[in-house]
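Reader: Please show me the model, and then let us go through its contacts and packing.

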Amino acid sequence: MNPISHKLSWPRREEKEGSHSSQSPLSAVALKNMRNRLIAQMLHSAAHTRKPLEAIIRQHAIREGIPPYDKEIELSLLDRFLGSLGEKPLRHLEVSLRQLVNYGQVLIHQDFFEHIDGLFQKLGSEAGQEEQIKVFMEYYKEFLAGRKEAQVSVNDEFKERLDKITDDCYPTIFVFNHDNIKNGMDECLLNLFTLELYQSYLDKGKGDSCPKPRILLNDMILDTMTDLQRGVLEQGGVLALSTSPDSSREKAMKNGRAMSTLMRENSNIFVFPESSFALLPEIEFKNRMQPGTAKLISTMLTKPRNLDQGVRLIPVGFAFSDANQQRKAHIELGESVYFQNTVDTTPDNIHETIVEKLYSTKDKAAWMLQKT
C-alpha cells in the first residue's frame, strides 16, 4: 500500500463574470501596485507584531521557571530591551500593530468580506445549519485561494478515519500542533482540514445534523479585528478565549461565557493547545502545551451531556516544508481518544495524554512528509 496515496486539492481563485469582486476606477496596473505596497506594509508590521508577543511569552516563561528558561539564560539585546518595557506597554504595541495589519487586510479584501457577510445576513435566523456551513466554507476556500499553493498529502488512514468521524456525527475535540505559526501555514492546513471534514458531512447529507464547527482563537486576534472581519468569523463558528498568562476577572468572565456556549452545543471544537507559546520553539513541546484543553475536557465530563462514549479527542499533525521552492505539507489524522468521567481522569492526566498523542501524531506527519 502506498503510504501517500492521496492529495488534497488546494482551492484556486477563479475570476468569474458577475462575481463578488468590485470594479475599481483605477487601472489594473495601478491597483496591483497599490495592493502590493499595502501587502508589503502589512507583512512588515506583522513581523514586528511577533516581537512584542515573543517578549511577553518569554518573560512569562522565565518568571514561571518553564524549562529551559531560568535565571541564567542568555537573552538577546532586543529581548532584554522589549522585556524592560513591561508587559502592559508591549500589549498595547501588539494590539496597535495587529489592528494595522487587520485594517490593511480589510482594505484589500473588503469586497469579499462584505460578500460573505451579506450571504450570512441573507440566511436569516431561520436558516438551517447546512446553509451556514456552506457560507463559511466559501470563506475558507477564498482564504486558501489567496495563498501560495502547496501540495498537501494524506495517507489511506486519513480517508478511513475521516469517513468514520463523519459517519457517526459524534462531537469531537480536534487538537493541532502549531509548528508553522510564523509563516501562517498552520492556519491554511486547519482551513483545508475543516473543508475536507465538512464536505464529507455534506456529501452524506448530514449538514444539518453534524456537530457545529467551533474554532477557538486567542481573544487578542478577534479583538483587534474590524467589526466586519470579526462578524464574519463569529458567524462562522469562531469563539474567542483569553490565553493571557495573567489571571484576571475579565479573563475568567470571557472564558466562562465561551465555556457556557460550548456546554450547550453539539459541536466539533478545533484548538491549537500550544497557543502563543508556539512562537518559542526553543521550549520543549510538552512545556509549550497549555492546560486549557484538558480543563475543557474535565469540565465537559462533569456536566450532564449526551456523550455516552465520553469526550472524544482526535490529534491532527501538521508538517510543512518549503524546500526547493516547492511547498509541501502533510496532514496526519490520529486515532480517537475517549475520556470517561472516572476517578483517574484528572486534568493533569488528560493533559499528559493530549501531549503524548499530539506529539506522536505530529512526529508521524513529519516522517510521512519526508516520504513524499
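Author: Thr293 touches, leaving aside residues up to four places away in sequence, Ile173, Val175, Val271, Pro273, Leu313 and Ile354. A contact here means heavy atoms within 4.5 Å. The model is predicted: local features need pLDDT of at least 70, side-chain atom pairs count only at pLDDT 80 or more, and totals for chains, interfaces and linings use all residues. Residues are numbered from 1 along each chain as its sequence is written, and side-chain values use heavy atoms, with hydrogens and water left out.

Reader: Is Thr293 buried or exposed?

Author: Buried means under 20% relative accessible area, exposed over 50%, and partly exposed in between (1.4 Å probe, protein chains only). The relative accessibility of Thr293 is 7%, so Thr293 counts as buried.

Reader: In which helix is the place of Thr293?

Author: Helices are DSSP runs of H or I with at least four residues, strands are runs of E with at least two, and both are numbered from the N terminus. The chain has 12 helices and nine strands. Residues 292-302, with Thr293 among them, form helix 11.

Reader: At what angle do helix 5 and helix 6 pack?

Author: Axes are lines fitted to C-alpha atoms, for helices over the stretch in contact, and angles run from 0 to 180 degrees between N-to-C directions. For helix 5 (residues 156-168) and helix 6 (residues 185-203), the axes are 9 Å apart and the angle is about 55°.

Reader: What share of the 372 residues counts as buried?

Author: The share is taken over the 372 residues of the chain, and the buried part is 47%.
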